[in-house]
Amino acid sequence: MFSSFGQIAGRPQLLVLSLMIFAQGSAFGATIPYLSVTAIGTLGMSDQAYSLLVLVSSVAAVTISVSLGILSDMLGDRRHMLIVMSALGVVGYGAIYLFPSVPVFLGATSLVIPFFYATSSLLFASARLHTGDMEPTDAASINATLRAIVSAAWVLTPAGLGLLLGASGSMIGAWGLAALFCLFILVCAVFVLTKPTSQPVRDANAPGFFAALRELAARDMLIRMVSIAAITSTLRLSGTIWPLILTLQLGGKTADVGLIAGMTALIEIPFMLMWAHLLKRHNIIGIIVTAALGYGAYMAALSFASAPWHIYALALPGAAFAAALLALPLNYFQDLFPGRPGLGTAFLPINSFLGNGLNAAAFAIGSHFFGYSGSSWLGTALAIGGVIGLLSVERRGVRAAID
């Protein structure tokens, strides 16, 4: 199960990329959990302005990430893109830390920091290139392991910051720490990542920018994107409703929410490694379908919870299935375009954007008509619908290959 760590350690460039991925995850983990608290509670931003900020930054992030992913395949050199994007991260996060105000927060979060978000796709695409000489199953296992490193960053950084800054009443310092993580990525990109041996040239086999966009908009690709987004949106919906069920319906405490969230994140990490190992023996579609149906069952079980300990007990199976749904979609999308990791990785921000939209719609409908417990059944429906869509398009692809 831990052989992927040995393979990463044995390849210096992969090891550097894994550290950069941890830093990138830590920058996100340092700021995103405290985004609303800082914007509204510390800086005094209105609820309406914050909602608009979230929408604008989400659209900017997905647009920039997809565009740069396609361009990285065309240009053939991601190192210079990483240098520019991480430098913008230093500027954006650093400006909020040094000049905390609503205008600076709005400008940096909506216009500058979304460029840093693109480093996620660029780093995973770069890692994919360094596993090109491996067996596909080993490459997929390493990819899932790198995704587990992101989860580890999300476990360690928010918890550490909460302990360090929680008593101060302000989390602005988190943006200063995020700027330092961006600086680490910048230094690694400039001085440690391998420089191209020659001036990078456009990949003649890569389609043009608009041709790649048309590939993303093809019918089967749209079905895949919506299906995977429906499946992964169940994770977001669960994260929204189980704390409400626990605290408002079952009499649990806020401390229970933090404890279960931390416990879940810790459990997910070893299960990510387990699913990565299973990729060497089982088809990725079968694993995603199994995990989606398992998580759908977990969502259904949430509706029957009648005591706080039920939420605690469900955390283990929920985290086990969630680990696969967090780690494997990246491999699935990259396998669709084996020679173009930038395009394959561009599906990640698209999936996140669509998943957030489906989660918002499901929660709005479910909480209004069915209550919090009843909303969990919409998560089950999303998981089943995603599985049906995914299997239908994969069967069609198999039939087309046979014909």
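Tutor: Contact here means that heavy atoms lie within 4.5 Å. Before we apply that, note that this is a predicted model, in which local features need pLDDT of at least 70, side-chain atom pairs count only at pLDDT 80 or more, and totals for chains, interfaces and linings use all residues. Residues are numbered from 1 along each chain as its sequence is written, and side-chain values use heavy atoms, with hydrogens and water left out.

Student: Which residues is Ser86 in contact with, leaving aside its neighbours within four places in sequence?

Tutor: They are Phe116, Thr119, Cys182, Ile185 and Leu186. Ser86 itself lies in helix H5 (residues 79-98), where a helix is a DSSP run of H or I with at least four residues, numbered from the N terminus.

Student: Is Ser86 buried or exposed?

Tutor: The terms rest on relative accessible area, computed with a 1.4 Å probe on protein chains only: buried means under 20%, exposed over 50%, and partly exposed in between. Ser86 has 0% relative accessibility and therefore counts as buried.

Student: What does the side chain of Ser86 reach?

Tutor: One needs the idea of a polar contact, a pair of N or O atoms within 3.5 Å; within protein, one must be able to donate a hydrogen and the other to accept it, and residues adjacent in sequence count only if both atoms are side-chain atoms. The side chain of Ser86 reaches the backbone oxygen of Ile83 at 3.1 Å, and a polar atom of that side chain also lies 2.7 Å from the backbone oxygen of Leu82. As background, an α-helix has 3.6 residues a turn, so residues three or four places apart point the same way.

Student: How does one check the length of a helix, and what does H13 show?

Tutor: The expected span is 1.5 Å times one less than the number of residues. For the 19 residues of helix H13 (residues 284-302) this should give 27 Å, and the end C-alpha atoms are 27 Å apart, so the two agree. Asn283 caps the N-terminal end of H13, with a side-chain oxygen 2.7 Å from the backbone nitrogen of Ile285, and the helix is mostly covered, 14 of its 19 residues being buried.

Student: Which residues touch the most other members of the largest nonpolar core?

Tutor: A nonpolar core is a set of buried Ala, Val, Leu, Ile, Met, Phe, Trp, Tyr and Cys residues joined through side-chain atoms within 4.5 Å. The largest has 61 residues, of which Trp242, Ile288, Ile311, Leu325, Leu328 and Tyr332 touch the most other members. Ile288, leaving aside its neighbours within four places in sequence, is in contact with Ile228, Ile231, Leu325, Leu328, Tyr332 and Leu390. A second, separate core of 55 residues includes Ile64, Ala127, Ala174 and Ala189.

Student: How many aromatic pairs are counted?

Tutor: Rings of Phe, Tyr and Trp (its six-membered ring) pair if their centres lie within 6.5 Å; planes under 30 degrees apart count as stacked, over 60 as edge-to-face and the rest as tilted. By this rule there are 11 aromatic pairs. The rings of Phe28 and Tyr117 have centres 5.0 Å apart and planes at 85°, so they are edge-to-face. This pair links distant parts of the chain, Phe28 in helix H2 (residues 12-31) and Tyr117 in helix H6 (residues 102-117), 89 residues apart. Phe28 counts as buried at 12% relative accessibility, whereas Tyr117 is partly exposed at 22%. By contrast, the rings of Phe363 and Tyr372 have centres 6.3 Å apart and planes at 5°, so that pair is stacked.

Student: How many salt bridges are there?

Tutor: A salt bridge is a side-chain nitrogen of Lys or Arg within 4 Å of a carboxyl oxygen of Asp or Glu, and the count comes to 3. One of them joins Asp335 and Arg128 at 2.4 Å, N to O, linking helix H14 (residues 308-336) with helix H7 (residues 119-129) across 207 residues of sequence. Asp335 is partly exposed at 39%, while Arg128 counts as buried at 13%. Arg224 forms another with Glu394, the closest N and O atoms being 3.2 Å apart. Arg224 lies in helix H11 (residues 219-249) and Glu394 in helix H17 (residues 371-402), so the pair ties together parts that are 170 residues apart in sequence.

Definitions and conventions. Helix = DSSP H or I, 4+ residues; strand = E, 2+ residues; numbered from the N terminus.
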